[in-house]
Amino acid sequence: MSADAPAASPRPVPVPLPRRVRIGYGLGSLCTGTFATVPGLILLYYLTDVLAVPAAVAGFAVFLPKAWDVLVNPLVGALSDRSRLRGGPRRPFLLAGACTLPPLFALIFAAPPLRGAAAAGYVAVLFLLAATAYAVFQVPYVTMPAEMTEDPAERGRVLGWRVGFLGVAILLSGALAPAIAHADGGGPGGYRLMGAAVAVLLAVGMFGAWFTTRWAPAVARSEAEPSLRAQLAAARSNRPFLFLAGMWTLQALAVGVMLAGVQYFATYTLGSPAAVTPLFACLIGPLVLVMPLWHRLADRLGVKGAQWCASLLFLAGALLLALTRTAGPVVGYAAVVLIGVAYAGLQLLPLTMLADTLAADVVRTGRRRAATFTGLWTAAETLAFALGAGVFAAVLAATGFRSSDAEHRVAQPAAALDGIAAGMSLLPAALAAASLWLLHRYREDGGGPGAGGSSVPAVPHQAARRQEPKGDHAD
């Protein structure tokens, strides 16, 4: 009889998610990958070399709207947590973002015939509205895998589709957007066409994710923190999250600086604005090809060990890129390929570490705070990419870069050319080197470097076993 007692009943076997849910959820990365890539890649250049906006002013116009996300993202996370809207707490926000972001993005690059500060003001306002619409979509979207399934393996499969579509989105948008924009010589008409084409890609991903996740189960629900102060306090109480988020913020900043500089690097270091397309193909092309290799390396070395490899490879590639002006374009392209291989790992591994950290937080605290932490994570990521453009603009301004419109190109001083080369290589290398200290400090089990826990965050399976005694009281 004791064998039939409820306390001894086996834990239900997790039900796999429908394939259409996994694929449909992954479609949302067509939005997140595109919006994280295209503005960082060409918006600063659009302002300085098409709309004749001074570099310092252009930097503020790109940075301030995205910095707004630091406040908006946690707020959206809290509102989504508390939502009782029909369709669940997340999907109505996905729909709202899908209806607003694509047209706003197209309008950013459909500026009226303005130049200088007036053009910067127009772009800044539209970019602010677009960044807000993106936050409404992104924060609930990132939270959903933790609420679809409690099975770590199934959650990994969902994230695999997400990362796969992310690579497709970055490759498509990053390679095609500059090609379309420069099709007519880099004038305003090409940028208008590019804005409309990218808006269609955004709409496909956003509406696709909203529609297909209607079949996703809701097996868990995150708890909302009552205020931004409470959210920050929750983050401070989770040391592994702080070190992990800090590491990724510095690495995202390094990537953001490179994205902002690649068009300038193509135009002024390699001598051809069109070189941005092969450069970007070298950067993003390896993303899909080598992703399975990073999976295997993570299985062999642990996720943290694989993250060390990716970080060091990125650092080496950035240092090699600094030799382009003296060693020639071949070295530059080879360095970008190395950076691209590393970037594939940097896209996959921190997300895996984040999922493991959130699973351990549930075990440690008994609370589900995925929305709180993912809101802060996405806010930091968005700020880092935006700050990347602002930092590169500051380098341009400090080295005397001269802005122009599409019809009247000006020669750049030698200091500006040196600044472009250093901003594209040495500055990202320094940021990547700084991130290694935070990676060293990261311990998924919450201990410091001398803690007795394993340094490899392979916790989800352990967490599931440790949760079992709680039974139905885990929530």
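Asp418 is partly exposed, at 43% relative accessibility. That class sits between buried, under 20% relative accessible area, and exposed, over 50%, with a 1.4 Å probe and protein chains only. Asp418 has a partner: Arg325 forms a salt bridge with Asp418, and the closest N and O atoms are 2.3 Å apart. By salt bridge I mean a side-chain nitrogen of Lys or Arg within 4 Å of a carboxyl oxygen of Asp or Glu. Arg325 is partly exposed too, with a relative accessible area of 44%. The search of the whole structure finds one salt bridge. It links distant parts of the chain, with Arg325 in helix α13 (residues 324–327) and Asp418 in helix α16 (residues 414–424), 93 residues apart. Helices here are DSSP runs of H or I, at least four residues, and strands are runs of E, at least two, numbered from the N terminus.

A word on the model. This is a predicted model, where local features need pLDDT of at least 70, side-chain atom pairs count only at pLDDT 80 or more, and totals for chains, interfaces and linings use all residues. Residues are numbered from 1 along each chain as its sequence is written, and side-chain values use heavy atoms, with hydrogens and water left out.

Confidence next. pLDDT is the predictor's confidence in each residue, from 0 to 100. The chain averages 81, and 86% of the residues score at least 70. Over residues 5–9 the pLDDT is below 50, and this stretch has two contacts in the model beyond near neighbours in sequence. A contact means heavy atoms within 4.5 Å. Residues 446–475 also stay under 50, and there the model has 44 contacts beyond four places in sequence.

Now the aromatics. The whole structure has 17 aromatic pairs. Rings of Phe, Tyr and Trp (its six-membered ring) pair if their centres lie within 6.5 Å; planes under 30 degrees apart are stacked, over 60 edge-to-face, the rest tilted. Tyr46 and Phe109 make a tilted pair, 5.1 Å centre to centre, with 55° between the planes. Tyr46 is in helix α2 (residues 29–49), while Phe109 is in the loop between α5 (91–108) and α6 (116–148), 63 residues away. Both Tyr46 and Phe109 are buried.

Cys31 counts as buried, at 0% relative accessibility. Beyond four places in sequence, Cys31 contacts Leu101, Tyr134, Phe137, Leu202 and Met206. The C-alpha atoms of Cys31 and Met206 are 6.1 Å apart, across 175 residues of chain.

Most residues other than glycine have a negative phi. Ala52 is partly exposed, at 26% relative accessibility.

On to α14, residues 329–365. Its 37 residues should span 54 Å at 1.5 Å a residue, and the end C-alpha atoms are 53 Å apart, which agrees. The expected span is 1.5 Å times one less than the number of residues. α14 is mostly covered, with 26 of its 37 residues buried. Gly366 follows α14 with a positive phi, near 75°.

Last, Gln307. Gln307 is in helix α12 (residues 303–321). Outside four places in sequence, its contacts include Met247, Gln251, Gly345, Leu346 and Leu439.
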